[in-house]
Amino acid sequence: MRSDLGLGLLPSFRLVVLTGAGISQESGIPTFRDAGGLWERFDMRQVATPEGFQKDPSLVWRFHSEMRRYAQKCAPNAGHIALADLERDLGDEDRFTLITQNVDDLHRRAGSRRLLEVHGNVFRTRCTDSTCPKSTAFRDEALYEEAPRCPLCGSLMRPDVVWFGEYLDPIIETKARRAVMNCDIFMAVGTSGAVWPAAGYVEIARAAGARTVIVNLDPPENLRAFDEFHQGKASQILPLLLKR
Ligand code: OAD
Ligand code: ZN
């Protein structure tokens, strides 16, 4: 198996990287589906669905505040940094797109800027009334015990993350799909391939003729769609794969 992607040999390649909870695991952020993961410890229907929010908004806010607290304590690792370095090196918008399912803000803190956060960002809050000016998400690092109310209209505020049963932001989803359809190399990192639509991106890339690579601790559910499987820890493998 090659230990790098040969990126330096291809002056015009376009690379798309899709990351999931596994890339942040070594920063200390718990994953969702591994043993001891968040969905073993929390009832996903209570804390990450619109119905759960309707029933007990404060419980949902306490869960997301806990995610904020965790992420604030953690720092980006060598995997996040390798991706940010690559973006800086390439310096060309069309050649590299980072799509993340993570809401933990660690890619941004590592220096990534051309970043599509398809599941939102836990450090953003918005008003649930779509006609309110505060429905445009804003940066918010506060920790809430009780669900906060909008200072403008009094409606409930919510974290700007995509919950189960909700659609992705269509603008972000279109950008992500377009990048995937037009890439030469598609690389997934630290994701179980269990959550759609992100789990289907590899098939789109493959259909478009891209080389498909996965870096993961365990075989993902959609393993068959990948040409190469680099099994192990993202923080160790990514710096090797992405070296130029
Ligand atoms: P999962 O928890 O489903 O999967 C994490 C994957 O990362 C597993 O396949 C692990 O083998 C792998 N992994 C763990 N540690 C790793 C490491 N150090 N290096 C490399 N790989 C490692 O997380 P996601 O696939 O990201 O959605 O989950 C997708 C979505 O489901 C999340 O964005 C979240 C969740 O419900 C929302 O919150 C909307
Ligand atoms: Zn409002």
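The model is predicted: local features need pLDDT of at least 70, side-chain atom pairs count only at pLDDT 80 or more, and totals for chains, interfaces and linings use all residues. Residues are numbered from 1 along each chain as its sequence is written, and side-chain values use heavy atoms, without hydrogens and water.

**Cavity**

- The structure holds one cavity of 30 Å³ or more. A cavity is a set of points, on a 1 Å grid over the protein atoms alone, where a 1.4 Å probe fits but cannot get out.
- The largest cavity has about 50 Å³ of space. Volume here is the space filled by probe spheres set on the points, which are joined across faces, edges and corners.
- Its lining includes Leu 18, Gln 101, Phe 186, Asn 222 and Phe 226. Lining residues have an atom within 4 Å of a point.
- By class, seven lining residues are nonpolar, four are polar and none is charged. Ala, Val, Leu, Ile, Met, Phe, Trp, Tyr, Cys and Pro count as nonpolar; Asp, Glu, Lys and Arg count as charged; the others, Gly among them, count as polar.

**Backbone**

- Most residues other than glycine have a negative phi, and most peptide bonds are trans.
- The peptide bond from Trp 196 to Pro 197 is cis, with omega near 5°. Pro 197 lies in the loop between β7 (185–189) and α9 (201–207). Helices (H or I, at least four residues) and strands (E, at least two) are DSSP runs, numbered from the N terminus.
- Asp 105 is not a glycine, yet has a positive phi of about 75°. Asp 105 sits in the loop between β2 (96–100) and α7 (106–110).
- Asp 105 is buried, at 4% relative accessible area. Buried means under 20%, exposed over 50%, and partly exposed in between (1.4 Å probe, protein chains only).

**Salt bridges**

- The count comes to 16 salt bridges. Each is a side-chain nitrogen of Lys or Arg within 4 Å of a carboxyl oxygen of Asp or Glu.
- Arg 88 and Asp 85 pair at 2.5 Å, N to O. They are three residues apart in helix α6 (residues 78–90), so about one helical turn separates them. Arg 88 is exposed at 53%; Asp 85 is partly exposed at 33%.
- Glu 141 pairs with Arg 139, with the closest N and O atoms 2.9 Å apart.
- Arg 177 pairs with Glu 173, with the closest N and O atoms 2.8 Å apart. Arg 177 is partly exposed at 30%, whereas Glu 173 is buried at 13%.
- Salt bridges that share partners join Asp 105, Arg 108, Glu 117, Arg 124, Arg 126, Arg 139, Glu 141 and Asp 160 into one network.

Technical notes
Chains are lettered from A and ligands numbered from 1 in the order in which they are written. On a 1 Å grid over the protein atoms alone, a cavity is a set of points where a 1.4 Å probe fits but cannot get out, and a pocket is an open set with protein on both sides within 12 Å along at least five of seven lines; lining residues have an atom within 4 Å of a point.
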